[in-house]
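User: I'd like to walk through this structure with you, one question at a time. Could you start with how the chains meet and then work inwards?

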Amino acid sequence: MTICRTIVGTGLLATGLAVSAQTTGTPPPAPAAALSYVGSETCKTCHEEIYNNLQKTPHFAIETGARRGWAQKSCESCHAPGSKHAESASADDIKNPAKLSAGDVDRTCLNCHLNEKTPVGRIASGHAKDEVACTSCHSVHGAGGAKLVDHKKPDINAKCATCHVSQWASFNRPYKHRLQEGAMSCVDCHNPHASFRADSMRASFGNEPGCLQCHSDKRGPFVYEHPVQKLEGCGACHEPHGSANPRMLARHNVADVCLECHSNLPIPSAKNAKLGGVPPAFHDLRSARFQNCTVCHIKLHGSYVDRTFLR
Amino acid sequence: MKLLAILILLLPLGAQEPAKPSQEPDKPAQEPAKPAEQPATTTTAAGEGWIQGSFELGYRWIPNIGGNFNAYRSVVNLGEGPKLLDADFTLIDPSKRLFDRADVHATSWGGDPYNTLRVDVKKDGLYRLTADYRNIAYFNFLPTYADPTLSLGTLLDQNSFDTAIRTTNIQLDILPKKWITPYLGFERNTQFGRGVTVFQTDRNEYPVASLFSDQTNNYRAGVRMELGRYHLTIEQGGTTFKDDQGASDTLTNPGNFTGTFLGQTLPLSRMNELYRVRGDSIYTKALVAANPYSWLSVTGDFIYSKPRTDINYTEASAGTFFLNRILQFYSAGQDVLTGDANQPHTSASVTVELRPLPKLRIVQRWMTDRFHNASNALLAENLVIAGAPFTDQQLANDRLILNYSEEEIDAFYDLTSHITLRGGYRYTWGDADVRAPILTGLSLEPGNLRRHVGIAGFTYRIGQKFRVIADAEGSSSDQTYFRTSLQEYQKAHIRASYDLLTTLRVATDFNLLNNNNPDPSVKLDFSSKVESASVNWTPKWIKGAHLLLDYSRSAVRSNILYLVPQTLSPASSVYRENGHALTAVANVKWVSFGGTLFISSGSRPTRYYQPLARLSVPLNKHVQWNTEWRWYSLNEVFYAFEGFRSNQLITSLRFQR
């Protein structure tokens with residue numbers, strides 16, 4: 001398997017290098033002679049409302065600053081030279097990111113935003129794989145305000161909910177994180193740009209799961225860890241978006257949550273043996289005392305004192 | 001100190017012009033005529049004041065809360081009284097001396113169970129300061145959770161709490177948008193409050209009062225560098241942690257076991273327990289992003305952290321107890337534990353995107369996550385047995401070791417300008433060593449993970465108007481860590497949205513997960529299916545009208561064998577849930593009405609309703625009067641005693657400038 005992966009990887013790299021040899025040595029095709037930059041003032045004559053909106057946004061720094069090389073040509077920094085469009089006034093004669101593929105839109109944005117704190121790793125993110133362009137969430141011209149994207153938690157949630165309908169519906173359940181109440185937003189836990197963790201989860205304290213940002217008492221390291229928390233994450237027992245079960249548990253009975261894993265007879269030599277033993281026989285499930293494991297095993301996220309999480 | 005020195009050395013560089021990017025964007029072939037001097041980015045437009053925004057002040061009445069008040073507090077927890085419901089304003093400093101612009105947003109202040117505050121202050125080219133604060137009351141007292149006396153008619157929760165979780169997040173970016181941007185960050189998370197927990201002995205357990213008090217501070221500093229096509233972020237962080245939770249009881253407490261054991265009852269007469277945990281961590285993080293060629297993008301990260309904790313624990317108790325280990329009763333005990341735990345943790349990933357052909361994109365990703373928790377603890381026990389002292393000491397150590405890796409390759413091909421096909425393969429593998437169950441007689445047991453996943457999907461789009469995203473993946477594996485882990489599974493996901501009109505958007509969403517473990521001792525058969533549809537309509541011909549409809553149907557079906565502990569005979573754990581969630585809100589001019597509901601059947605049938613009606617009347621250009629009625633109702637068929645219902649009325653004035 002390792003050999004296969006190495007061959008595939010080497011092949012890909014070789015392909016890329018071969019193509020690069022063709023492309024890097026050749027200058028990009030020159031734009032048609034008729035195409036030239038006309039400047040934002042020219043654009044403004046017809047698109048005054050857009051220009052005025054842009055003026056209130058951080059993107060106007062492109063117009064006023066020399067850093068990116070687009071001073072006084074901010075419109076054409078994304079829309080490409082506009083001389084032909086200025087003459088014909090035809091929408092076909094100007095580059096419109098709204099009609100481009102998501103990848104092309106992203107590359108346009110990332111020309112400037114590649115290393116801001118969030119987009120690093122975007123090429124591996126779920127949004128990139130699903131071809132969700134930056135402009136799906138960001139209003140480049142700042143329509144309706146000075147901001148390019150919503151900052152208020154309810155607005156962020158509403159934006160995410162337009163696509164993630166099922167996830168948003170989970171918050172209608174009684175036991176949930178407080179998103180509908182406006183106390184939290186989707187981006188408190190997920191990084192919509194990129195994350196190296198599964199499900200675009202944020203990281204906290206360097207490389208710990210994002211849940212620990214608010215539940216830092218569950219971080220440890222504990223003297224006695226509960227392996228499932230570190231190996232499978234909080235989602236092994238909890239439904240973080242919302243649940244019909246108290247404590248957002250994935251099952252209606254606490255004992256079911258625990259015993260579904262803790263039912264393994266010791267078979268040390270088995271290659272596919274599962275982690276987690278079976279409770280000793282005095283755990284008589286017919287007694288109410290043993291039907292809720294957390295009555296006694298109160299430190300089940302990890303214990304500093306007791307290997308069976310009793311204290 | 002090294003980091004500080006580097007920062008100080010690098011700061012002057014920020015004032016220099018950045019290196020010219022090796023691949024400039026297309027240079028203008030013809031320079032435009034120089035326009036007149038441009039206005040500054042955030043100038044105050046004519047007619048706009050130095051402050052703009054709104055405040056909403058109001059009062060909430062709660063005429064009644066019927067049913068279980070503690071369940072109401074656990075789920076809703078809103079209270080009566082005057083409130084600052086919302087404040088959202090922007091300050092613009094005309095002199096631009098200290099800042100150009102400050103945005104402030106605050107919600108739900110005045111005794112509500114969740115308060116938020118966000119401040120965003122910036123001065124172009126010099127700094128940006130963002131501060132985010134959140135305070136969430138965390139009340140949980142549900143009779144159906146972990147209370148063995150429920151069958152006796154006692155509506156308690158022996159594992160309940162009434163705490164608040166506060167999170168603060170502050171970041172200062174210096175010289176934002178320059179090619180080198182140093183930044184400083186601080187985060188604090190605290191939890192404090194009280195609750196009920198259980199003091200456990202070998203033959204009885206006693207509900208006792210508990211106190212929560214923990215705090216984590218995270219300090220970090222870093223620098224982001226943009227070097228043409230290469231970008232680098234380096235961050236150094238450190239964490240401090242303290243946990244001072246405790247539990248106590250001063251009254252005679254019979255505990256959950258009210259019978260006799262060897263002719264004696266087992267009451268607790270007093271106890272006191274105190275944790276004093278102190279922890280710290282350092283971490284180093286490096287993020288890299290690069291576009292060295294037009295056909296190649298690379299990103300990667302490396303993070304190393306080393307959290308550790310020191311533990312001091314004391315517990316003193318008196319009563320009548322039984323110790324299984326020596327088969328004797330004892331009347332008082334004192335435990336003292338000192339310990340420590342260390343967990344070096346390394347994570348790294350690299351992602352490469354190749355674009356060998358204009359229509360082809362290949363993304364290869366590799367990541368690893370490795371940690372090794374090593375801990376030691378010394379427990380000293382002093383017991384009083386029949387009036388004589390008895391002392392014992394136990395030295396223990398524990399390990400949790402994980403080496404996890406993942407590799408994925410995906411190819412994206414633009415079949416047409418509207419269709420992109422995707423196919424890929426993911427391989428995840430890992431090994432873990434964890435503490436073995438006592439019955440095995442071993443100290444550690446190994447766990448292995450080997451998972452091969454095939455991936456396929458497509459995206460179909462027509463501009464921004466119509467989009468379908470479909471993903472599917474399937475896996476077959478015989479080595480997973482846990483009985484419930486993803487083993488032989490199939491996932492599918494289809495999401496579509498269509499802008500029927502510029503004012504009407506329809507979206508649908510379908511998610512499916514099937515997971516099986518055919519092992520005869522497990523027989524896991526899990527299925528989860530969610531179907532959703534959404535309509536968002538803003539008709540132009542009715543001023544101020546808007547309709548939002550979201551409907552979601554979910555079905556969870558799970559069967560798995562487990563062992564009944566007292567007999568070790570197999571039994572089946574069955575979970576079913578068929579849920580319907582609906583959100584419907586309509587606005588017509590001054591009136592809004594609708595709400596949300598969730599209805600489920602199956603293992604825990606539940607009905608949770610939150611209807612609302614709202615009237616918003618503009619009194620003049622700057623003031624709006626809002627009145628809102630809400631109804632909260634929770635009904636659980638099997639646990640009727642945990643239901644509640646409540647009417648609430650809020651009236652408020654919104655001031656806008």
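Analyst: Happy to. Two residues are in contact if their C-beta atoms, placed from the backbone, lie within 7 Å. Please keep in mind that this is a predicted model.

User: What scores does the predictor give the complex?

Analyst: There are two values for the complex. The pTM is 0.87. The ipTM is 0.88.

User: Which stretch of chain B has pLDDT under 50?

Analyst: Chain B averages a pLDDT of 88, and 93% of its residues score at least 70. One stretch stays under 50, and the model has 61 contacts for it beyond four places in sequence. Where pLDDT is low, the predicted coordinates should not be read in detail. In chain B, the stretch to treat this way is residues 1–47.

User: And in chain A, which element has the lowest mean pLDDT?

Analyst: Chain A has a mean pLDDT of 82, with 83% of its residues reaching 70 or more. Its pLDDT stays under 50 over residues 10–32, for which the model has 18 contacts beyond four places in sequence. Strand β4 (residues 302–303) of chain A has the highest mean among the elements of that chain, 95. The lowest, 43, belongs to helix α1 (residues 2–24) of chain A.

User: How many helices and strands does each chain have?

Analyst: Chain A has 13 helices and 4 strands. For chain B, the secondary structure comes to 2 helices and 29 strands.

User: How far apart are the centres of domain 1 and domain 2 of chain A?

Analyst: Chain A is divided into domain 1 (37–149), domain 2 (150–189) and domain 3 (220–303). Taken over C-alpha atoms, the centres of domain 1 and domain 2 of chain A are separated by 28 Å.

User: What covers the buried residues of helix α3 of chain A?

Analyst: Helix α3 (residues 48–55) of chain A has A:N53, A:L54 and A:Q55 buried. Their cover includes two other helices of chain A, α4 (60–64) and α5 (74–79).

User: Which element gives the largest share of the largest nonpolar core?

Analyst: This core has 72 residues, and those touching the most other members are A:V254, A:C258, B:A71, B:V198, B:F199 and B:Y481. The core draws at least three residues from each of domain 2 (150–189) and domain 3 (220–303) of chain A. The largest share, 5 residues, comes from helix α13 (residues 254–259) of chain A.

User: Which residues does the second, separate core include?

Analyst: This second core is made of 13 residues. Those it includes are A:F222, B:V277, B:I311 and B:L337.

User: Which strands of chain B does β12 pair with?

Analyst: Strand β12 (residues 296–305) of chain B runs antiparallel to β11 (residues 268–293), with 9 bridges, and a hairpin through 2 residues joins the two. In this pair B:A290 stands opposite B:V298. Strand β12 of chain B is also joined by 10 bridges to β15 (residues 345–357), again antiparallel, and there B:L296 stands opposite B:L354. The partners of β12 are therefore β11 and β15 of chain B.

User: Why is B:S477 classed as partly exposed, and which residues does it touch?

Analyst: B:S477 lies in strand β20 (residues 466–479) of chain B. It is partly exposed because 19 other C-beta atoms lie within 10 Å, and a buried residue needs 20 or more. B:S477 and B:R451 are 26 residues apart in sequence, yet 5.1 Å apart in space, C-alpha to C-alpha. Not counting residues up to four places away in sequence, B:S477 touches B:R450, B:R451, B:H452, B:Q487 and B:E488.

Terms used: Residues numbered from 1 in each chain as written. Chains lettered and ligands numbered in written order. Predicted model: local features only at pLDDT ≥ 70, side-chain atom pairs only at ≥ 80, totals over all residues. Domains from an automatic or database assignment. Buried ≥ 20, exposed ≤ 12 C-beta atoms within 10 Å, placed from the backbone. pLDDT = per-residue confidence, 0-100. Core = buried A, V, L, I, M, F, W, Y, C linked by C-beta atoms within 7 Å.
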